[in-house]
Amino acid sequence: RPVLEKRRARSLGIVSFCKTGIGMSKHSSTPRPLTSGTGSGLHGVVRVPGDKSVSHRALMLGALALGETEIHGLLEGEDVLRTAAAMRLLGGETEKGADGIWRARGRGNGGLAEAADVLDLGNAGTGTRLLMGLVAAYPMTTFFTGDASLRSRPMARVSDPLSQMGASFVTRSKGRPPLAVIGTASPRPITYKLPVASAQVKSAILMAGLNTPGITTVIEPEATRDHTELMLRGFGIEVKVEETPEGRASSIKGHGELKGRKVVVPGDPSSAAFPIVAALILPGSDILIENVGLNPHRIGLIDTLIEMGASIDVKNARIEAGEKVGDLHVKHSHLKGVTVPAARAPSMIDEYPILSVAAAFAEGETKMLGLGELRVKESDRLGAMARGLAACGVSLDEGEDWLTVKGNGKRPKGGAHIAVNLDHRPAMSFLVLGLGAQMPVSIDDGSPIDTSFPGFVELMNGMGGTIAAVKA
């Protein structure tokens, strides 16, 4: 069974680990309330932090590759730094040089060591799920924990296919962390069709396939971001991607040798989403965001905003480390409501919170479909955005997996104080809303923002934003 009985948990020592809280994250120990108020248009040339998805994968594969891997532009947010710390516990060498470049020196495929301590991933759901896959194909036991948000998130969608490969798991109810991965000495290759499109689940299985003999295949009903496949190829692993009647199939040949390389991390499009929307809703705005990753499986938000009438132009398009990159010129625009099909969700699942803010300023209804995945993110993002928008005077309808925002082309009322539930994306989304609303909007805690976008407040205020700490 994927989840073993409690008595087995005692034999592994995980019960005492759960009770004592070894390695528990202190992420939320000091709340940092923030507020934003209406300001003038945004202007300037900026760069957002490195792509979080690419950064996680570069650290993991660099710690497996023979030789040295140089990582330029690594996102130094809390989530990624937790992954770096976890790879060190597993025997990899990852450190930042005096020149600002991160370097990883690997042990070779199959060379990970059993961690002497619990892996505390903080708020990093991506790091947790991918590492669960990586260690599942090793004959060792690895313990995972995180902050309150991570410990509330179900991991069964990852443990189920990894169980088919031979690993076992001890978790709390509903597959939640803290958890233990009991890896297998004889991993089995599988062909697994994803019940729901998820790049994290796909990547976890492919990571397990690295140390598994034979061919491991994942079939996805809707194409998701392909950073894992691109980076595996870049490190020398044989990866095959093809369209089949059942969906897109990604296959990896196990026991290949990874070779150290130079990785240039593009700016994170999920982070760029916030200054993009802020510029669109604030009259007079005219900004340039340099070096943004434009992977075709990550630009659903940009496509949607352009459909809504946004002025977003791509400049200096290029390829860096296998990823499409460009500079985005964004101007204030009059937006109109559209219907966003469910099929687009995999390419913009993290951007729906900020899209709902753009929709609040648009004229007409914006219908967002296929949002069930938002219920199991760092928080119930769908419910959180619906409640927060309503508190700011925005008219909307909410369903189990859909949201309709009814804009009138005018500035929302604002004036609300929002609880963000330790979730960085709603936190930034409501601060952006406050920049354009009639009255200031405040959030109870801005500290989670550092997990993905360190320097967010400084970047926004440097362009003319008005975000400030709430005075006690």
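User: How do the axes of helix α12 and helix α13 cross, and at roughly what angle?
Analyst: First, a note: this is a predicted model. The axes of α12 (residues 381–391) and α13 (residues 424–436) cross at roughly 20° and come within 10 Å. Angles under 35 degrees count as roughly parallel, so α12 and α13 are roughly parallel to each other.

User: Is the crossing left-handed or right-handed?
Analyst: Right-handed, as α12 passes α13.

User: Which residues make the contact?
Analyst: From α12, Arg 381, Ala 384, Met 385, Gly 388 and Leu 389. From α13, His 424, Arg 425, Pro 426, Ser 429, Phe 430 and Leu 433.

User: And by class, what is in there?
Analyst: The α12 contact with α13 has six nonpolar residues, three polar and two charged.

User: What about α9 and α13, how do their axes cross?
Analyst: Helix α9 (residues 269–281) and α13 have axes that cross at roughly 15° and come within 9 Å. That makes α9 roughly parallel to α13. The crossing of α9 past α13 is right-handed.

User: Which residues are in that contact?
Analyst: α9 brings Ser 270, Phe 274, Val 277, Ala 278 and Ile 281. α13 brings Arg 425, Met 428, Ser 429, Val 432 and Leu 435. By class, the contact of α9 with α13 has seven nonpolar, two polar and one charged.

User: Switching to strands. In what order do the four strands of the open sheet run?
Analyst: The order is β6-β7-β9-β8, and the pairing is mixed.

User: Which strands stand at the edges?
Analyst: β6 (119–120) and β8 (168–170). Each has a single partner strand, so one side of each is left without a neighbour in the sheet.

User: In what sense do β6 and β7 pair?
Analyst: Parallel, over two bridges, with β7 covering residues 141–145. Leu 119 stands opposite Phe 144 in β7.

User: Is Met 60 buried or exposed?
Analyst: Buried. Met 60 has 0% relative accessibility, and buried means under 20%.

User: What does Met 60 touch?
Analyst: Leaving out residues up to four places away in sequence, Met 60 touches Thr 83, Met 87, Gly 127, Leu 130, Leu 131, Leu 134 and Met 207.

User: And how far apart are Met 60 and His 255?
Analyst: In sequence, 195 residues. In space, Met 60 and His 255 are 16 Å apart, C-alpha to C-alpha.

Notes
Residues are numbered from 1 along each chain as its sequence is written. This is a predicted model: local features need pLDDT of at least 70, side-chain atom pairs count only at pLDDT 80 or more; totals for chains, interfaces and linings use all residues. Side-chain values use heavy atoms; hydrogens and water are left out. Two strands pair if DSSP finds at least two bridges between them. Axes are lines fitted to C-alpha atoms, for helices over the stretch in contact, and angles run from 0 to 180 degrees between N-to-C directions. Angles under 35 degrees count as roughly parallel, over 145 as roughly antiparallel, 65 to 115 as roughly perpendicular and the rest as oblique. A crossing is left-handed if the near helix is turned anticlockwise from the far one by less than a right angle, and right-handed if clockwise. Contact means heavy atoms within 4.5 Å. Ala, Val, Leu, Ile, Met, Phe, Trp, Tyr, Cys and Pro count as nonpolar, Asp, Glu, Lys and Arg as charged, and the others, Gly among them, as polar. Buried means under 20% relative accessible area, exposed over 50%, partly exposed in between (1.4 Å probe, protein chains only).
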